[in-house]
Amino acid sequence: MSAAPVLNPATVQELVDSLDAEFAVRLMDTFLQDSPHLLAEVRRGVRDGEAELVRRAAHTLKSNSWTFGLEQLAPLCQDLENLAAADGLAAAEPLARNLEAAYASARQAVEEVRAGLSDGRSSL
């Protein structure tokens, strides 16, 4: 894993400051609901050799990850998106496994921040 933090609190704080805590929580809820489906699409696409499915799912997961400052997950998504765009899925399986591990940590971090925002704690 990278030396980058799982979640950059400054990014989340910027999100909260620009939108508000309630809306940030709703965005986090959407991420927590949608991301397992995106991960499943990556898995299926890698398994079935569907590069376009992998590319689209990795792209969406990357964009969502950057929204919350998920600094380990987003670059892995970018790498997988690039690999799929170059139709290099033969080498994608190890990267997809790394993505799954990074996602587990990222999900936990988002859940923790979300809980803090829902409880009215504004400091990240």
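This is a predicted model: local features need pLDDT of at least 70, side-chain atom pairs count only at pLDDT 80 or more; totals for chains, interfaces and linings use all residues.
Q: What makes up the contact of α1 with α2 by class?
A: Val12, Leu15 and Val16 of α1 meet Ala21, Ala24, Leu27 and Met28 of α2. By class, this contact has seven nonpolar residues, with no polar and no charged ones, because Ala, Val, Leu and Met all count as nonpolar.

Q: Why is α2 called roughly antiparallel to α3?
A: These two helices pack at an angle of about 150°, with their axes 8 Å apart. The term roughly antiparallel is kept for angles over 145 degrees, and therefore α2 is roughly antiparallel to α3. Their crossing is left-handed. Among the residues that meet are Phe31, Ser35 and Leu38 in α2, and Leu53, Val54 and Leu61 in α3. By class, the residues of this contact divide into 10 nonpolar, five polar and two charged.

Q: What makes α2 roughly antiparallel to α5?
A: The axes of α2 and α5 (residues 92-118) come within 10 Å and cross at roughly 165°. Since the cut-off for roughly antiparallel is over 145 degrees, α2 is given that description relative to α5. The crossing of α2 and α5 is left-handed, and by class their contact has 17 nonpolar, two polar and seven charged residues.

Q: How do you know whether Ser35 is buried or exposed?
A: Ser35, which lies in helix α2, has a relative accessibility of 1%. Buried means under 20%, so Ser35 counts as buried. Leaving aside neighbours within four places in sequence, Ser35 is in contact with Leu61, Tyr103 and Arg107.

Q: Why is the pairing of the Ser35 and Tyr103 side chains called a polar contact?
A: The side chains of Ser35 and Tyr103 are paired at 2.7 Å. The limit for a pair of N or O atoms is within 3.5 Å, with one able to donate a hydrogen and the other to accept it, and the pair is therefore listed as a polar contact.

Q: Why is Gln72 called buried?
A: Gln72 is found in the loop between α3 (51-67) and α4 (73-85), and its relative accessible area is 11%. As buried means under 20%, Gln72 is classed as buried. The side chain of Gln72 reaches the backbone oxygen of Ala4 at 2.6 Å.

Q: What makes Glu93 count as partly exposed?
A: Glu93, in helix α5, has a relative accessibility of 48%. Buried is under 20% and exposed is over 50%, so Glu93 belongs in between, as partly exposed.

Q: Why does Asp20 count as partly exposed, and what is its phi?
A: Asp20 lies in the loop between α1 and α2. At 38% relative accessibility, Asp20 is between the two cut-offs of 20% and 50%, and therefore counts as partly exposed. Asp20 has a positive phi of about 145° although it is not a glycine. Most residues other than glycine have a negative phi.

Technical notes. Residues are numbered from 1 along each chain as its sequence is written. Side-chain values use heavy atoms; hydrogens and water are left out. Contact means heavy atoms within 4.5 Å. Helices (H or I, at least four residues) and strands (E, at least two) are DSSP runs, numbered from the N terminus. Buried means under 20% relative accessible area, exposed over 50%, partly exposed in between (1.4 Å probe, protein chains only). Axes are lines fitted to C-alpha atoms, for helices over the stretch in contact, and angles run from 0 to 180 degrees between N-to-C directions. Angles under 35 degrees count as roughly parallel, over 145 as roughly antiparallel, 65 to 115 as roughly perpendicular and the rest as oblique. A crossing is left-handed if the near helix is turned anticlockwise from the far one by less than a right angle, and right-handed if clockwise.
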